[in-house]
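Thanks for coming. Please have the sequence and the model open.

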Amino acid sequence: MRIQTKMAAQRGEAKMDINEPLEKPQSHSVCSLTSITYVFCNTCSVQSKHFTCESMNQIEFILDFPTRSSGRNLKRWHLAFTTIYCSRAFSHLIKHVVATNKGRASPMTSPHGLLINVAEEPPPCFSNINQLTLSGLVKQKNIDALAKVGGVEGIASSLNTNIEHGIRGDHVDLSCRHEAFGTNTYLRPPAKSFFRFVWEALTDFTIVILLVCAALSLGFGMKEDGVKEGWYDGGSIFVAVFLVVAVSATSDFRQSRQFVRLSKVSSNIPVEVVRNGRRQQVSIFEIAVGDVVCLKIGDQVPADGLFIDGHSLQLDESSMTGESDYVEVNLAQNPFLISGTKVADGFGRMLVTSVGMNTTWGEMMSTVNRDSHDETPLQARLNKLASAIGKVGLAVASLVLVVLLVRYFTGNTEDEYGNKEFNGGKTKADDVINSVLGVIADAVTIVVVAIPEGLPLAVTLTLAYSMKRMMVDQAMVRKLSACETMGSATTICTDKTGTLTLNQMKVTKFWLGQECVDEKVATSIATNILELLHQGVGLNTTGSVYKSPSGSELEFSGSPTEKAILSWAFLQLHMDLEELKQTFVVLHVEAFNSTKKRSGVLMRRKSDNRVSVHWKGAAEMILAMCSHYYDVSGNIKSLDDVERKKFDQIIQGMAASSLRCIAFAHKQISEERNEHEKSQQKMEDNCLTLLGIVGLKDPCRPGVKKAVEDCQYAGVNVKMITGDNVFTARAIATECGILRPDHGMESGAVVEGEEFRNYTPEERMEKVDRICVMARSSPFDKLLMVQCLKQKGHVVAVTGDGTNDAPALKEADIGLSMGIQGTEVAKESSDIVILDDNFGSVATVLKWGRGVYNNIQKFIQFQLTVNVAALVINFVAAVSAGEVPLTAVQLLWVNLIMDTLGALALATEKPTRELMEKPPVGRISPLITNIMWRNLLAQAFYQIAVLLTLQFRGESIFGLSKNVNDTLIFNTFVLCQVFNEFNARKLEKKNVFEGIHRNKLFMGIIGITIVLQVLMVEFLKKFASTERLNWWQWGVCIGFAAMSWPIGFMVKCVPVPDRPFFSYLKWQNVKNMQIRLVCVELVLL
């Protein structure tokens, strides 16, 4: 590189340009900067980007210096000069950018400034285009700018993309594209840190009060007894509070991280791309700029891009623009596709131009914080329950506070030496404050124990645990509320294809005319029919075929139906797809959808410009469009009523054998008719000629009959809703166990969608419970059935995979979409994604849903037992004896056991077989059943009786000191909760130890609780205000606590009515009100 000085023509100013050649061959620079212009300026000419002749002369003197020095130093001198000025150039560039971003000029303070202009350069691998240009094209939807760069072909060429075969897709190619244009990932706001959860726990109102009391107690205690002894009371409360906070924050933090991981899994969408001529599925995160993406109905557009080709492609851009009208995408007027939008109709291919944060969707997602989670219905109910219990606890604590303060200030309390604690003016102010703080701390701690904050935590834990386990069982939960709602499901409306069947289609029968053609298809079919079948299969499809370089293997892609028909056409009919594409031009396509159940293509032969239309779809629907048919010899025959009935019988016979029937038909179109249809945007769909009918076999999934039986045994009614022929649907439903063999068409168990649709609302409500199978149904029929079932009080779960299933999935109480065949629209409308498309997984979700509900009930029973016992014991002791038997630290320890550790132990029980033997839980069934009331009240009354006996008679019965007796009460209370935790495992069954060896977490928590309790009693005397117990005293505590087991066993023998207890109270109130009204009427009369 050479540096040449140029004197400016105006004002005697000069400029140096690195792009100019150097005049001196020996002046080699190691800095290979391109398109950078240096302008040296002094303090008097900062704004002009030029400098004076005097400055220029100084530069020239420096440049001439090497020529006067020795040759050995020449190269080193130029290297030093270039390095210094390059460094100054970049230094000033940074200052200039900062000043520009702040919106104001940055004044130069150096006497010699250096400005640098850097033009945005294309990436080294893509020299003709940069990201700014690509992003601007789609975001601004500028059709003129696209035309200037050569249209879609020009962009593809700049991105080294072959329109037909896509990018190379090897590691080097993808790395280069990711480095140049970024990856298809989004920056999200950071999730809440662990310290945020700690802070939230610390700011709880009751915790704040306890911390204030602990701080004051710590201060007064150290002032009175010195630092060595005075810190115990306040310090103990501090340690206990922080222990509770740490455990709670850790649990919340872990669950938050789990939800984030599940969110990432749900965002990992498979996308179809063409790479190196092969159509394949990749993760949405692996999409690169230049990729050719294949789109079909229901897909989400994975990145910003340009339309290459396709037919009838319409996008739902409501998620981006808010407009509900679909936007048509075409080459002429709107070739722009925006990431995050959904394909509403048609199909096509797109060229990816921007990914990740360079897309419109990426910019929007970077501002969305998905860390927050909606409150589930069960959490809302539990929060109300916790609030009600908390109010009772607050009332009891307030009463205890008043009683204790009155007893203290009236001189009715004594210290440990038997002296009055308060003697009027003789008592020191510090002692009064310490005593009052102790009373307040006890009252606040009672509130802490009484408020069951563990209830929402238990829901979060069991939901998170269930979500994790359900993912292993092939079910991904998108909405937490679905976990608990699924346990209440009374009806499941399921699809057939892929859910009850394997979705592995294979053509097993082919009818040409009224004859079934054997395996040697190609040799037994007339040439003209064979050619028409090639056209109808090869050009009327959304599937594709990839030939390996060796040419020995074929790879089919598309829907299972498309792959089966393509495979049959290639292997049996010897179809050549490439030859077809070269021979014909596709003029118009009508894509398949679940409403019309057909697809069509309008094509023109290049050689003679003849135009024809081909249709493919449900056999009886295509047959209704035909007026003629081809016989096996290739002759066209009229399709009269007699012949039509024969074809109907053929279709019914195949359907009765569980075959899906697909028919092919075609028609030659005149030029005038073609022009008319172009103007009407409609293809000829009547007076067609039937080409043939294929029967596709899709075998039932192994184990699906057992899964259906499990659901039915659990009281859940299973209904099959399918778009298939009524005979196919009936055969599959019978094979799966949904329909009994004795169920005939006249029984009302099998209906067609049109028949159900035409019922009056009263007829639908009357017959909907009897319907087991609905065939030839549209998405509207499925929605209608869901609405009818919900009106009758059912909790409805619905499976769906298509875009048109979205309304029914949203309307249902639980929407279940299919992970393999399901479209992105269906998945986003659902609550749970069945990853393997298997009905067996639906039954597993039902079992987990019931497990969630059952685990919550176990924890409620356990916690309310502790609440009732603790409140009654403290209240009675405070009112009668003027003191509470459990200190603040001890109560906080009990709170830790029952809230956090108890929730972990009981909320992570796996669902058992017995859950599927019970009827579904109704919508308004009470959370606390009669069985739970029976269990918890029995245990609570036993604990109250034992602990109050120890409180008032323990010292005399066992000959203990007051401190040892208090320790005995505390130890017995904690051990009672440990033993009662076993009882809570089974609400109804007498054997509470069944399956306990499989729950290692439960046993671990029990072990940890016992070890910590031993430490509290034996080694933490000052901290926990306890005394060491001997073996006999430990035996007494364990004996009292162990009685919980036989009591629990005996109580479960007591029968309880099914009707909730509180309903009797409500009914009695109603009766009393009616009696009062009658009395008033009599008085008035």
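**Helix pairs and loop residues**

Let me start with helix α32, residues 930-958, and helix α36, residues 1031-1042, which pack at an angle of about 155° with their axes 12 Å apart. Before going on, the sources: this is a predicted model, in which local features need pLDDT of at least 70, side-chain atom pairs count only at pLDDT 80 or more, and totals for chains, interfaces and linings use all residues. Residues are numbered from 1 along each chain as its sequence is written, and side-chain values use heavy atoms, with hydrogens and water left out.

Some terms for the helices. Helices are DSSP runs of H or I with at least four residues, strands are runs of E with at least two, and both are numbered from the N terminus. An axis is a line fitted to C-alpha atoms, for helices over the stretch in contact, and angles run from 0 to 180 degrees between N-to-C directions. Two packed helices are described by the angle between their axes and the distance between the axes.

Back to the pair. α32 and α36 are therefore roughly antiparallel to each other; the cut-offs are under 35 degrees for roughly parallel, over 145 for roughly antiparallel, 65 to 115 for roughly perpendicular, and oblique for the rest. The crossing of α32 and α36 is right-handed, meaning that the near helix is turned clockwise from the far one by less than a right angle, with anticlockwise giving left-handed. On the α32 side, Tyr942, Val946, Leu950 and Phe958 meet Trp1032, Val1036 and Phe1040 of α36. Sorted by class, the residues of this contact are seven nonpolar, no polar and no charged. Here Ala, Val, Leu, Ile, Met, Phe, Trp, Tyr, Cys and Pro count as nonpolar, Asp, Glu, Lys and Arg as charged, and the others, Gly among them, as polar. Contact means heavy atoms within 4.5 Å.

The next pair is α23, residues 704-713, with α30, residues 839-881. Their axes are 8 Å apart, at an angle of about 30°. That makes α23 roughly parallel to α30. The crossing of α23 past α30 is left-handed. α23 contributes Val704, Ala707, Val708 and Cys711, and α30 contributes Phe839, Gly840, Ala843 and Leu846. By class, that contact has seven nonpolar residues, one polar and no charged.

Gln652, Ala655 and Ala656 of α21 meet Phe727, Thr728 and Ala731 of α24. The class count for this contact is four nonpolar, two polar and no charged.

Leaving aside neighbours within four places in sequence, Asn725 contacts Glu620, Ile651, Ala655, Ala775 and Arg776.

That brings us to Arg776, in the loop between β27 (773-775) and α27 (779-791). Arg776 has a positive phi of about 45° although it is not a glycine. Is Arg776 buried or exposed? Arg776 is buried, with a relative accessible area of 13%.

Gln474 also has a positive phi, about 70°, without being a glycine. Gln474 lies in the loop between α14 (454-472) and β12 (475-477) and is partly exposed, at 32% relative accessible area.

Ser830 is in the loop between α29 (824-829) and β30 (832-834), and Ser830 is buried, with a relative accessible area of 0%. Ser830 and Gly815 are 15 residues apart in sequence and 4.3 Å apart in space, C-alpha to C-alpha.

Pro1060 is found in the loop between α37 (1044-1051) and α38 (1061-1084), and at 30% relative accessibility Pro1060 counts as partly exposed.

Last, the chain as a whole. The protein chain has 38 helices and 30 strands, and 51% of its 1085 residues count as buried.

Notes:
Buried means under 20% relative accessible area, exposed over 50%, partly exposed in between (1.4 Å probe, protein chains only).
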